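Hi,

Here is the structure I promised to pass on. Have a look first, and my notes follow below.

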Amino acid sequence: MNGLTWILVSAGGLLLGLVGFWAGVTLYRRMGRARLNDAEALAAKLLDETRKEAELIKKTAAIEAREEWMRAKAKFDEEMWTARQELERKEQGLGDREAQVRRRDEQIESREREARQGEKETEQKRERLARREAELEQLITSQNARLEQISGLTAEAAREQLLRNLEEEARGEGALLARRIRDEAQRNAERDARRIVTIAIQRLAAEQSVESTVTVVPLPNEEMKGRIIGREGRNIRAFETATGVDVIIDDTPEAVLLSGYDPVRREIARLALETLVRDGRIHPGRIEEVVEKAGQAVERELRETGEHTALDLGVHGLNDELIRHLGALRHRTSFGQNVLKHSTEVAHLAGMMAAELGLDQTLARRGGLLHDIGKAVDHNVEGPHAAIGMEIARRCGESELICAAIGGHHGEMEIDSAYGSLVQAADAISGARPGARRETLEAYVKRLERLETLAESFAGVEKCFAIQAGREIRIMVQQKTVSDEDAVQLAGGIAKRIEKELQYPGQIKVVVIRETRAVEYAR
């Protein structure tokens, strides 16, 4: 019985062990299958996230590539527009030159016809003169014989008497003839001068532009003003420090103002700010980098402008410093008139007048182009711009003829050549033409008042009037206290005071009038 019980117990334990083993194996398989399902789900999730991230990276790369393409396209379009504008400008300049050459050929042909006609007339006059001389000789012979018969004088005595009479008569006629010739020469000189100046003005019609000391930079939106200012104003301070230009941010919609006396610095600031606004990255480090690149771009632009201007005028062999100063004149104004355009106009006028006078046109244009070169640096150098320009030209190897024309175009030094006079006249014509220069009404009135007040401060002045827009002042003096010699000295003294104390465009003519009036009444 005990043995049977043990067998049953053993069998039951074995059965329970087999059941437990089978249950454990089944449970392990189920747990493995669950882990496998979880791993597969995690792998699918990771694969999906990876696929989404790859698509995002692909879209971002496509957007960046499109933006880069758009920037490259915009840059290419800008370069093509600039090249097209340059080509059009050169084509227009070529057309103007061809028209000038045609007009010059027509003038030469006209002069040749006039010369041939003059030669024919001269030959005819020479023949008539020869006949008149023969007739006169016969007349003299017959008159001498008759005089000997009438007077009873010998031929020698009659000749002496006749010579004395002829000498006295010739002396009187010679004085009268000399006066007539002098008056006629003066009238002809004035007429020819007016004709030459009129022709030069009519042939040149340069456009005028007015600029100021403020540059407006447009913005894409109002939020950009805050980015320009930066946190606690650090961006605007960095920009003003790097450029030397004041940035004015006011209520003007979608725009800021750049204010500065130096136009080159203002141009650098404009290019730099436009680049920063277009790029969108505005911080002190980026500002310094962009300002430096803008300065290099402006420097290249100055040299290119100077080279193109000299090339268009046919002025060759200029020093690099003069080329750079010429380009800088593009950003300078004088009474609202662009100095580079004014210099170009003066060069054309001087060359045209030189052609009419038979002088060297190239030399005249060179002096006209460089006459205001001192204005490129006169805001940094003490002294009148004419003297500054003369020193610059002399340092750059220009001839003394050109230096003298530059230094004397405002009368600071004596003009001793025809080219200096041409440059001075062309400068006055360019500055005095209507619309060439401007000033405010208030400044204009104050300038006239200061001019009259200055003249009235001299002793002996009775009254004075500023006429012709302030380009001439007429002064009436007291006849009893001011002599003719004093009037001459008074005119010189007033002119010197005006040059020393007043600022004005062009020149001012000082006229002192002293007259004596005799008044009587018939009753």
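Why is helix α11 (residues 400–407) largely enclosed by the rest of the structure? Because 6 of its 8 residues are buried, meaning under 20% relative accessible area with a 1.4 Å probe and protein chains only. Those are Ile402, Cys403, Ala404, Ala405, Ile406 and Gly407.

Before the rest, some housekeeping. This is a predicted model, with local features needing pLDDT of at least 70 and side-chain atom pairs counting only at pLDDT 80 or more, while totals for chains, interfaces and linings use all residues. Numbering starts from 1 along each chain as its sequence is written, and side-chain values use heavy atoms, leaving out hydrogens and water. Helices (H or I, at least four residues) and strands (E, at least two) are DSSP runs, numbered from the N terminus.

Now the cores, i.e. sets of buried Ala, Val, Leu, Ile, Met, Phe, Trp, Tyr and Cys joined through side-chain atoms within 4.5 Å. The largest has 50 residues, and Ile228, Phe239, Leu258, Leu273 and Leu318 touch the most other members. Helix α6 (residues 284–313) gives the largest share, 8 residues. Another core, of 21 residues, lies apart from it and includes Leu448 and Ile475.

Ile475 also stands opposite Val512 in β8. That strand belongs to an open, mixed sheet of 3 strands, ordered β6-β7-β8, where pairing takes at least two DSSP bridges between strands. Strands β7 (residues 472–477) and β8 run parallel, joined by 5 bridges. The edges are β6 (461–467) and β8 (509–513).

Cheers
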